[in-house]
Amino acid sequence: MAGEIKEKVIAIIAEQAMLQPSDIEMTQSLDDLGIDSLGVVEAIFAIEEEFDISVPFNANDPGASEFDVSTVASIVGAVEGLVAAQKA
C-alpha cells in the first residue's frame with residue numbers, strides 16, 4: 001500500500017511540474033521542481049481527491065501547516081500518515 005501511495009503522490013507532483021514521474025527525486029523540493037504556490041495548492045487538492053483525505057494545509061501560511069511540503073519525501077510521508085489515520 002505504501003508503494004502505491006508513493007507512486008500516486010509522485011504522479012500528482014510530476015503532473016504539476018510537467019515532468020515524468022521518473023524525473024522526480026524524493027529529496028527534491030516543490031521549488032526545485034518549478035512548482036509555484038498555486039501548483040502546490042492544486043497538488044494538495046489532487047491528493048485529497050485521489051486518497052479521499054483532508055489535508056491540513058494552509059495556503060496562506062504554508063509554514064504553519066501540519067502538512068510538510070518541504071520535499072517530495074515529506075509529502076509522501078504525510079499522505080501515508082493521513083491515509084493510515086483515516087483507515088484506523
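This text walks through the chain from its overall fold to single residues. The model is predicted.

Start with the fold. The chain has three helices and zero strands. Along the sequence they follow the pattern α-α-α. The radius of gyration is 12 Å, close to the 12 Å that the globule rule gives for 88 residues, so the chain is as compact as a globular protein of that length. The C-alpha trace spans about 35 × 30 × 20 Å along its principal axes.

Next, burial and contacts. Of the 88 residues in the chain, 38% are buried. The accessible surface comes to about 5200 Å², and carbon and sulfur atoms account for 49% of it. Take the contacts between residues at least 6 apart in sequence: 56% of them join residues at least 24 apart.

Now the helix packing. Two packed helices are described by the angle between their axes and the distance between the axes. For α1 (residues 2-17) and α2, the axes come within 9 Å and cross at roughly 145°. The crossing of α1 and α2 is right-handed. From α1, the residues in this contact are Ile-5, Lys-8, Val-9, Ile-12 and Gln-16. They meet Gly-39, Glu-42, Ala-43, Ala-46, Ile-47, Glu-50 and Phe-51 in α2. By class, the residues of this contact are seven nonpolar, two polar and three charged.

Turn to the backbone in the loops. Most residues other than glycine have a negative phi. Met-18 has a positive phi of about 55° and is not a glycine. Met-18 sits in the loop between α1 and α2. Its relative accessibility is 74%, above the 50% cut-off, so Met-18 counts as exposed. Asp-52 also has a positive phi, near 55°, and is a residue other than glycine. Asp-52 lies in the loop between α2 and α3. With 60% relative accessibility, Asp-52 counts as exposed.

What about Ile-53: buried or exposed? Ile-53 is found in the loop between α2 (37-51) and α3 (72-87). Its relative accessible area is 11%, under the 20% limit, so Ile-53 is buried. Which residues does Ile-53 touch, leaving aside its neighbours within four places in sequence? They are Ile-47, Glu-48, Val-79, Leu-82, Val-83 and Gln-86. One of these contacts, Val-79, is 26 residues from Ile-53 in sequence. In space, Ile-53 and Val-79 are 8.5 Å apart, C-alpha to C-alpha. Ile-47, another contact of Ile-53, is also among the α2 residues that meet α1.

Definitions and conventions: Residues numbered from 1 in each chain as written. Predicted model: local features only at pLDDT ≥ 70, side-chain atom pairs only at ≥ 80, totals over all residues. Heavy atoms only, no water. Helix = DSSP H or I, 4+ residues; strand = E, 2+ residues; numbered from the N terminus. Rg over C-alpha atoms; globule rule 2.2 N^0.38 Å. Buried < 20%, exposed > 50% of the residue type's maximum accessible area, 1.4 Å probe, protein only. Contact = heavy atoms within 4.5 Å. Areas by Shrake-Rupley, 256 points an atom, 1.4 Å probe, with all protein chains shown as cover. Axes fitted to C-alpha atoms, helices over the stretch in contact; angles between N-to-C directions. Left-handed = near helix turned anticlockwise from the far one by under 90°. Nonpolar A, V, L, I, M, F, W, Y, C, P; charged D, E, K, R; others polar.
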